[in-house]
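Subject: Handing over a structure

Hi,

Here is the structure I promised to pass on to you. Please have a look, and below you will find my notes on what turned up.

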Amino acid sequence: MNKKPTYQELENQVAELKKQNEVLRLNSTFQNGEKEKRAAELYLANIELDFQNEEKLKRAAKLIIANIELAFQNEEKKKRAAELIIANIKKALQNEEKEKLAAELIIANLSLVSQIELIKTKEKAEESELNLKMLNEEYITTIEELRQTNEELFFAKEKVEESEETFKMLFNNLSDAVYISEIVEGKVSNFIQVNNTACKRMGYTREELLAKSGFDISTEKSNVNNRSIIPILIEKKRLTLENEHVTKNGIIIPVEINTQITQFKNRTIILSIARDITERKLVEKELIKAKEKAEKNAIELNKVQEITHVGSWYLDIETNEVAWTEELYKMYGFDSTLPPPPYTEHMKLFTPESWEILSTSLAKTRETGIPYELELKTIRKGKTSGWMWVRGEAIFDKNNKIIALWGAAQDITERKQIEEDLINAKEKAETSEKRFKKIIESAPDGVVINSQDGRLIYASPNSYRHFGYSENEIIGHFGDEFTHPEDLQIVIKAFETIFINPLLKPKVEYRFRRKDGEYRWIETTFTNLLEDKSINGIVLNFSDITDRKRLFEELLISKEKVEESDRLKTAFLQNISHEIRTPLTAICGFSGMLNKPNITDEKRDSFVSIIRNSSSQLLSIVTDILTISSLETKQEKTNIQKVEINTIIIELLSVFKLQANNQNISIYSKKELTDEQSIIYTDKTKIVQILSNLISNALKFTHKGSIEFGYNLIDTELRFFVKDNGIGIKHELHGKIFERFRQADLSTSKNYGGTGLGLSISKGFVELLGGKIWVISEEEKGSTFYFTIPYNPVNEINKTITLAKNTETNRTVLIAEDEEYNFLFIEELLSDLNLNLIHATNGQIAVDICKSNLKIDLILMDIKMPEMDGHEAAKRIKEFRPELPIIAQSAYALEHERAKYEGVFDNYITKPLNEKDLKQKVLKYIDIKKE
């Protein structure tokens, strides 16, 4: 029989149960508190993550506009985050107060319950503890998932922030000025945001510029227009106009402004992008001047023809289109405001006999290219007749094909009338020698009569005046005494012709000697009047055409120059129009597409990149035009300063390396002098532009292979070179390609683009610097451009001693690295170790060098290289030189990535390279001899 416990025992048991329950309660309370804290932390973390995700989506959706007030959003974000943290802290404090109150209530209840209730409480506590354990396991799993999610969101947040920083940098470094303001109560506010370009261009600090509006920085003339377009801008949302801005120093800058209105957070924002068009305005002025000059040349040519009464014509063989000058219209009696009659109607302008002669001569010239010269009888408008002297020539294209006929014409009606009158007078004055002489002497041209054996038996007074002889010095002499020896056969043939056929009257041009020894060109008509008893001789009617010949030659030269100038100008204007319109089309087109509402961020970024690249291309074209204009007007100046040539070579290599890689072309550089020796006095900007032009051309015309550039010191000059194995240049064009608007071939601009000014600018700069430029090239084998500049060193250094010191190396290290810039970096890091460095651009070359050079002491092997990677190359080298240490260098940094290479390489160094680590590992395998 069980003994009943005493009151004291029951009280002790109750006390013991209270202690146990208190322990359980405290454990449960602690666990519940920890659980609630973790839940609260997870809740806060989820809220923060949701907030970040929401902000990320907002930024991604409105990235272009949101970046404008990024600073404001960041401040708002910080404030909201702070408020959330404060609210969470308050909530945590409230939870702690509730827990304390719950604990006090539990203790109070425990003092009032019975032993049975305590036992039930214990059972519930055990059950609660079990449930808590299960919940804890679930929370641990949830916490791990949230931790992973949090890491992913953290990385996403970093990328978004990096994108924001990139956009900030692009915004502030745009080549165009950006101004942002807003419309408040119908008025335009001061600027609320500007970029760095705007501040730099206008000469204000950011704070000063933000205190101004668009009206404050514009001229009064511009503001009259600016105020009137605000309503139009509000209606159309987007406008482009030209304006004038005034800098802080009072300088007026013409600008082209693209302005648009957009809504952002219930605010009406005005975004204005201002482009400096000063250079464009200058180009427009130059083009206007060039046009005026061409018009002036045309006027002067017409004036010369009017004075000399010589007209000219042009016939396009392919189209049969005819062009006349003003003077030719006058000769034929046509209205110059109307087009000339078509070629098929020209037969109506001549008598049938003359047209037969002319059409036959035209056909022969058209077929053979042999020029003709004729005297033709014409039928003028109004059915009156006249005489015309004409000369026609063929025009050939570059393939020696006849494409047109060109000629000159002179009205000789008066002269022919005189000749006819003279002949008529001779016939009528058979019995009157006196009358005959009077007519002859009154003729404006010279007339002489030869006997059948060739002696001069008569000379008109004009003959004496023309050539300065007296009658005794002419009469009785033979004509060949005064004729130029080279022209004797022409005169003899004319005599033979009229002896064979007395009815013919050949007309020839030859040179006749004046008394002072000068030879003058005369045009002579031979007439056989031996049967005329009153004359009984050969009549030579001549006129001095020296001036006409000279004028004709000058006209031909002028015509060729004008045609060449017109062709070059036409080709240049067509080419420059294409070159300017191409980037402008991209800029205008993609600028408009940026306003599309559903455009993705990727497309927007791509469009912005295209606009930026096209703007740079357009600026480069305008800069070339202004530069060539400055060179031609002798306004280009040099800026001589200290320049390190080696630095220029390295910088250009890094600039063009990416483009060369994109074209699968290798590019290398060569520097003969040390960095200190390469510091000279010259114009850095012009050296950089010359080399940039030549390297750009090499990349443009090289489709495969390699490009090498650098310099050598030859006596007192630096001789730079840019060598490629591109398409090459014909030998006959080696000199012409340096002329402005010239390229090696007329099709070059179509196939490769460009203004044709780069080499002309380079030539101008080289000559300004006191050097010369030339090219050695062969078609399909490549080109090498050379230019020299004076070597004016800043530091006087003994070259022989310095170069010798550089070659006294202790050990040889082979660096297998396909990136030239990385090799230069390694070379610089190891420069103080007095090593002989050999460069291999791929694994196969590295293997070949090791086979042929047994003095190599160490290899720095890049793992990722073309043709043969570093791992394969190292394995092959170890086969025939197992003792040669090889250090791998790569961007692979994880242990499992490095493990697969440990069996081949002796050591490992991770990119990016650290100078200290690199030197330690190099010195581990080779000993450096001290001097």
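The expected span of a helix is 1.5 Å times one less than its number of residues, and helices (H or I, at least four residues) and strands (E, at least two) are DSSP runs, numbered from the N terminus. Before the findings, please note that this is a predicted model, in which local features need pLDDT of at least 70, side-chain atom pairs count only at pLDDT 80 or more, and totals for chains, interfaces and linings use all residues. Residues are numbered from 1 along each chain as its sequence is written, and side-chain values use heavy atoms, with hydrogens and water left out.

Let me start with helix α15 (residues 488-500). Its 13 residues should span 18 Å, and the end C-alpha atoms are 19 Å apart, which agrees. Val-491, Ala-494, Phe-495 and Ile-498 are the buried residues of α15 (buried means under 20% relative accessible area, exposed over 50%, partly exposed in between, with a 1.4 Å probe and protein chains only). They cover an arc of only 95° around the axis, which puts them on the same side of α15; the arc is that of the directions from the helix axis to the C-beta atoms. Gln-489, Lys-493 and Ile-500, on the other side of α15, are exposed. The buried residues of α15 pack against β12 (446-450), β14 (507-513), β15 (519-529) and β16 (537-544), where contact means heavy atoms within 4.5 Å.

Next, some backbone details. Most residues other than glycine have a negative phi, and most peptide bonds are trans. Asn-536, in the loop between β15 and β16, has a positive phi of about 50° and is partly exposed at 46% relative accessible area. Asn-664 also has a positive phi, near 55°; this residue sits in the loop between α18 (645-662) and β18 (666-670) and counts as exposed at 68%. The peptide bond from Lys-911 to Pro-912 is cis, with omega near 0°, and Pro-912 lies in the loop between β28 (907-910) and α27 (915-925).

Finally, there is an open sheet of 5 strands with parallel pairing, in the order β25-β24-β26-β27-β28; two strands pair if DSSP finds at least two bridges between them. β25 (835-840) and β28 stand at the edges with a single partner strand each, so one side of each has no neighbour in the sheet. Within this sheet, β24 (residues 811-816) and β26 (residues 856-862) pair over 5 bridges, and Leu-814 stands opposite Ile-859 in β26.

Best wishes
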